[in-house]
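The structure is shown first.

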Amino acid sequence: MNNFNDPRLAVRIGDISLKNPVIMCSGTFASGIEYNEIYETQIIGAVTTKSFSLKPMEGNKPPRLCETSSGLLNSIGLQNEGIDYFIKEQLPLVKKLKINTILSILGVSSSEFAEIASKIIKIEHELIAVELNLSCPNIKKGGITLGSVPDSVEEVTSVVRKTLNIPVVVKLSPNNDNLAEMAKRAKSGGATCVSLVNTLIGMAIDINTFKPRLGNIIGGLSGPAIKPVALAKIYSLYKANILPIIGMGGISGWQDAVEFMLAGASAVGLGTVNFVEYDAAVNVINGLIDFISRKNLNNISDLTGKLKAGQ
Ligand SMILES: Cc1cc2nc3c(=O)[nH]c(=O)nc-3n(C[C@H](O)[C@H](O)[C@H](O)COP(=O)(O)O)c2cc1C
């Protein structure tokens, strides 16, 4: 077993410092508390919580999950217990377990984001960063509807930035053709970095019943099926040189994590793989330590953006 505190794994993503580049994606690892019964979740660089809204949300009607070839469609619709629940019920446990937490939040307008942020002021010192979900495809208001409008991206980022002192991460959607513009506006609003990709819009149909497989008809596709798309989006945005990137989308092992870093990611997110391999983070961290040893690298961040030209 490797030393999980190996200093060669330490990374900086803007003004966020992590002991390793492995981050759990929002909505796929809850707040890390339950997984701690299986392994010490404090070894993970950071756990991004499920997105929390101002008030509890029930989510979409079932079925809300459907497996596809090499992928997963979900239309959860951001079911969550609300930000007060996170602060009162989950944060004390998260603190006790020393889980490095990025708190994901979601609002339907900049004023709602501001209201959520004002509730976070008193606990911000317990968090590594706050992530703004401006990319969920499964809701009618907020999410991607805000994240597709450059002015909204800047405004939401800026109100949260002005309210809180901790780093702000803006989560972007692959369904958006203008990622560079959104990243620029996130930067103008004061974001420290962007995270991408959220899920790709998709659907599936049951040919026996002629009905959609998801209650919401349309959902978000994740898992290995989206990896090449995610990689290309991250590569393009890295070349645009706007903000550091947390890269995610179909990572299922350490080799994928290396690919994402070579394409330009400063850190990587594990999402759907958590439903397949409960200790994926342990295996990815272990694999990365072995890889940098074999390659004689001083630090894992030496990989970021090191894609070579040609074949
Ligand atoms: C079941 C499920 C729930 C998700 N919930 C959220 C969420 O609450 N907030 C968010 O920003 N992203 C959410 N996502 C998107 C993931 O965080 C991630 O961006 C996406 O799944 C791509 O990574 P992956 O292919 O490794 O899963 C969710 C994804 C899945 C599969």
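**Reading the model**

Q: Why is helix H7 described as largely enclosed by the rest of the structure?

A: A residue is buried if 20 or more other C-beta atoms lie within 10 Å of its own, exposed if 12 or fewer, and partly exposed in between, with C-beta atoms placed from the backbone. Helices (H or I, at least four residues) and strands (E, at least two) are DSSP runs, numbered from the N terminus. Helix H7 (residues 254-263) has eight of its ten residues buried, so the rest of the structure largely encloses it. This is a predicted model, in which local features need pLDDT of at least 70 and side-chain atom pairs count only at pLDDT 80 or more, while totals for chains, interfaces and linings use all residues. Residues are numbered from 1 along each chain as its sequence is written.

Q: Which elements cover the buried residues of H7?

A: Two residues are in contact if their C-beta atoms, placed from the backbone, lie within 7 Å. The cover of H7 includes helix H6 (227-240), strand E15 (245-248), strand E16 (267-270) and H9. Among the buried residues of H7 are Trp-254, Phe-260 and Met-261. Gly-264 follows H7 and has a positive phi, near 135°.

Q: How many residues does the largest nonpolar core have?

A: A nonpolar core is a set of buried Ala, Val, Leu, Ile, Met, Phe, Trp, Tyr and Cys residues joined through C-beta atoms within 7 Å. Here the largest one has 95 residues, and Val-130, Val-170, Val-194, Ile-234 and Val-268 have the most contacts inside it. Helix H9 (residues 280-294) gives the most to this core, with seven residues. Beyond its neighbours within four places in sequence, Val-194 contacts residues including Val-170, Leu-172 and Leu-243.

Q: Where are the cis peptide bonds of Pro-63 and Val-197 found?

A: The angle to read is omega. Pro-62 and Pro-63 are joined by a cis bond with omega about -5°, and Pro-63 is in the loop between strand E4 (46-48) and strand E5 (65-68). Another cis bond joins Leu-196 and Val-197, with omega about 15°; Val-197 lies in the loop between strand E10 (193-196) and strand E11 (200-202).

Q: Is Asn-296 buried or exposed?

A: The neighbour count decides. Asn-296 counts as exposed because it has 7 C-beta neighbours inside 10 Å. This residue is in the segment after H9 and, although not a glycine, has a positive phi of about 55°.
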